[in-house]
Amino acid sequence: MSEVLLSLCGVHKSYGATRALRGVDLELRAGEVLALVGENGAGKSTLVKMLTGVVPMDEGAIQLKGQPQRFTNAQDSQAAGILAVHQETVMFEELSVAENIFVGRHLMRGPFVHWAAMNAQAQTVLDDIGARFTATTLVKDLSLAERHLVEIARALSQKALVVILDEPTAALSQAEIRDFYGIVRKLRDQGVGVIFITHKFDEIFAVADRYLVLRDGAAVGTGAIADATEQELVRLMAGREIDQIYPHIHATPGDEVLTVKNLSHPTEFQGLHFSLRRGEILGFYGLVGSGRSEAMLAIMGLNPQASGDFTVLGQKLDAKRPGDAIAAGIAYVPEERQRQGGILSFSVQDNISLAGLSRFATGPWLSAIKESALCQRMTERLHIKTASPHTLLSGLSGGNQQKVVIAKWLGLDPKIVILDEPTKGIDVGAKQAVYQLIAEMVKEGLAVILVSSELPEVTHLAHRVIVMRRGLQVAEFAGEAIQAEAIVAAASGLDGSSEHALAAMGAHA
């Protein structure tokens with residue numbers, strides 16, 4: 001058995017009356033990937049901040065290779081051999097990869113930077129992790145996935161013993177995620193101890209060796225991934241079974257509220273045909289790059305090169321801009337809630353009222369009373385946890401941010417709601433709240449389009465599922481035919497459906 005690199009014993013951390021960590025024990029061995037899982041607020045972020053020297057622990061013991069440690073700042077932690085790669089990379093975009101790898105510790109030859117040696121050492125590390133770019137490439141020219149590689153190269157160049165990967169795949173494509181798995185395995189093979197934090201169960205089972213589950217600041221379960229199941233991890237994280245996460249939504253479709261015919265784009269999708277009924281959830285599934293989100297943007301008038309025929313509630317819709325779709329009764333919750341869905345520097349109330357400001361206007365003035373009433377109504381309806389309606393959106397958890405974005409649209413009383421990856425980056429408990437909200441929408445007669453890359457969401461929630469591959473609508477499943485294996489086969493082309501669709505379109509042309 002490999003040596004213990006990092007151990008925590010009885011670690012506590014409180015913020016005033018809030019106990020963020022309560023006697024947490026952790027053990028990480030060389031050449032091991034430990035999945036650190038738990039809902040938002042479980043204590044994961046506090047544990048990472050403590051290990052990286054951002055916040056001190058109140059009591060307990062930390063040992064690194066058997067030596068006691070007490071980090072007072074980030075420099076102490078890095079010097080000891082602990083580095084973190086976060087979801088949001090912070091880098092100097094106008095500098096080269098090598099400069100970012102050696103930032104703050106440039107290799108010197110006398111009074112001058114030893115560029116040749118620095119570039120060569122950086123290139124060696126990049127080659128070791130299989131990077132496809134050079135040390136002299138400017139960071140601004142790299143993709144998000146490639147920037148994560150630079151962060152990992154920085155850690156390896158400092159001979160890191162422990163690398164913390166904090167939601168590193170949240171904004172990566174499926175292909176980039178597969179490549180990232182390979183990098184994690186290389187770190188493990190080199191004897192590095194990896195703490196992997198993610199909300200995605202498929203990632204946990206793909207790369208982790210062991211797991212540690214936190215709930216309410218305490219460690220509630222640990223063990224080998226080979227002996228674990230998704231149901232067991234969900235129960236440990238949330239204190240409830242996986243079957244309780246997804247509400248049963250009765251299929252009671254009513255009148256047709258949306259028809260889409262021949263929705264096409266020169267490069268992203270072609271020939272989409274589908275309809276949507278009141279009280280129905282229509283799922284859209286496909287791998288990244290299949291054209292799902294781009295098609296939804298077209299319906300909302302946000303994809304100007306797209307063409308097609310739309311009918312909403314029996315009326316023809318010519319969606320040239322978002323206002324046309326909104327006026328027709330369509331709401332759109334985008335995939336990137338922090339960049340497209342909400343404004344982090346605005347308050348909860350401002351975000352909720354943002355989509356319907358004209359409803360609160362009297363001449364050039366807005367009615368604060370009407371805004372406040374809407375905010376209170378939506379906060380209560382969606383059970384948004386916020387200290388005040390004037391709290392900044394950035395101060396809320398990911399799940400509550402998502403509820404605010406949804407509340408913004410429900411305040412307009414739409415007839416159709418498009419939800420694009422509505423549970424991206426939020427924990428199991430927050431997901432359950434969003435699923436319950438979807439169930440309530442359907443019960444009230446709204447029609448929902450659910451775009452998701454998470455198979456359990458579409459298989460448990462959708463009444464019908466349309467599968468897209470390479471911009472084509474390749475399959476549709478309904479009722480008991482909605483099976484994970486069939487959906488994956490269609491999305492990946494294993495059933496030959498995309499080839500049949502391509503041939504049909506070619507014959508039609």
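Axes here are lines fitted to C-alpha atoms, for helices over the stretch in contact, with angles running from 0 to 180 degrees between N-to-C directions. Helices (H or I, at least four residues) and strands (E, at least two) are DSSP runs, numbered from the N terminus.

A word on the source: this is a predicted model, in which local features need pLDDT of at least 70 and side-chain atom pairs count only at pLDDT 80 or more, while totals for chains, interfaces and linings use all residues. Residues are numbered from 1 along each chain as its sequence is written, and side-chain values use heavy atoms, leaving out hydrogens and water.

Which residues of α13 and α14 meet? M378, R381 and L382 in α13 touch K403, I406, A407 and L410 in α14, where contact means heavy atoms within 4.5 Å.

Now follow α14 to its other partner, helix α15 (residues 428-443). These two pack at an angle of about 20°, with their axes 9 Å apart. That makes α14 roughly parallel to α15. On the α14 side, G399, K403, I406 and L410 meet A430, A433, V434, L437 and M441 in α15.

Stepping back, the domain assignment, which is automatic or comes from a database, gives domain 1 (4-244), domain 2 (255-329 + 414-493) and domain 3 (341-412). The C-alpha centres of domain 1 and domain 2 lie 35 Å apart.

Finally, look at charges. Side chains of opposite charge can pair when their charged atoms come close. The structure holds 15 salt bridges, each a side-chain nitrogen of Lys or Arg within 4 Å of a carboxyl oxygen of Asp or Glu. One of them joins E94 and K140, whose closest N and O atoms are 3.3 Å apart. This pair links distant parts of the chain, 46 residues apart: E94 sits in the loop between β6 (82-86) and α3 (97-101), and K140 in the loop between α4 (115-128) and α5 (144-157).

Terms used
Angles under 35 degrees count as roughly parallel, over 145 as roughly antiparallel, 65 to 115 as roughly perpendicular and the rest as oblique.
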